Amino acid sequence: MPDSEQFDVSTVRAVLFDMDGTLVDSDGAVLRSWLSWAAEYGVDGQQAYEMAHGSPSASTVRKLLPHLDEAAMVVASARQLELQYDDLSDVTATPGAHELLIHLTLRGLPWAVVTSADSRLAKARLAAAGITAPVLVTTDDIAAGKPDPEGYLRAAELLGVDPKDCLVVEDAEVGLAAGRAAGAHTAALRGLEGDLRLDTLADLTRLIG
C-alpha cells in the first residue's frame, strides 16, 4: 500500500515516469531479448537481464563485455537493441497506467516519460501500450543515462517545472537514484523505497485525488 505520510502529494507540479516496468509492462520482451543476446555473446542471460533492469542497454553490455574495443561494443549494443525493437506481442500498459494518465490530464498536471530505451524502442513500446507521451526523453536525448539525473532534469526543463516540484515514478533502483539526484520526490514500485511506496499506479491516482 502507498505510504502517503512522507510528503504532501498536493505540492507536485509534474509527474515524470520511467517507461519499462512503470508505465509499460515489457518484462517478457526484455527478458527474451537479453537471454537471446547473452546466448550469442556467451554470457549469463539471467545475470544480464537483472543487471540491465532500469539501465541503458549499452552500459550493461559494457559491464558484461569489458574486454571489447569500442567498435565491437557498439556492434554488441546495437544487436541487443535489435532483438527488442520488434518483440512487442505481449507489451501492454501496466495496471492503472491509462487511468492515471487520464487523471493527470484532467487535473492539469503535466507529465513526461524518461526512459533508458532509445527513441525507436521507446516509441514502439509506448505505441504498443496505447500511450502517447507529451514529452519523451530517451537515451538519444542525453549524454548520461540513469542513475545520472540528466534525463529527469531534461524532462523537468521541457515541462517548465522545477525538479523539486516533480514526482519521479520508478520501478528500478537506478531510476530512483536518478530522481533523487535530480532533486525530485520519488514514488517507488516493486517494493522499493521512495517518498511514496506504490503497489500499482492506481495507488497514485487515489493519492493525487
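Student: What should I know about the model and its numbering before I start?

Tutor: The model is predicted, so local features need pLDDT of at least 70 and side-chain atom pairs count only at pLDDT 80 or more, while totals for chains, interfaces and linings use all residues. Residues are numbered from 1 along each chain as its sequence is written, and side-chain values use heavy atoms, with hydrogens and water left out.

Student: Where does M19 lie, and is M19 buried or exposed?

Tutor: Helices (H or I, at least four residues) and strands (E, at least two) are DSSP runs numbered from the N terminus, and M19 lies in the loop between β1 (14–17) and β2 (24–25). Buried means under 20% relative accessible area, exposed over 50% and partly exposed in between, with a 1.4 Å probe and protein chains only; M19, at 0%, is buried.

Student: Which residues is M19 in contact with, leaving aside its neighbours within four places in sequence?

Tutor: Contact means heavy atoms within 4.5 Å, and on that basis the partners of M19 include V24, V113, A122 and L126.

Student: Why is strand β6 described as largely enclosed?

Tutor: In β6 (residues 166–170), 5 of the 5 residues are buried, so the strand is largely enclosed by the rest of the structure. Both of its faces are covered, with C166, V168 and E170 buried on one side and L167 and V169 buried on the other.

Student: How many bridges join β1 to β6?

Tutor: Two strands pair if DSSP finds at least two bridges between them; here β1 and β6 run parallel, joined by 4 bridges, and V15 stands opposite L167.
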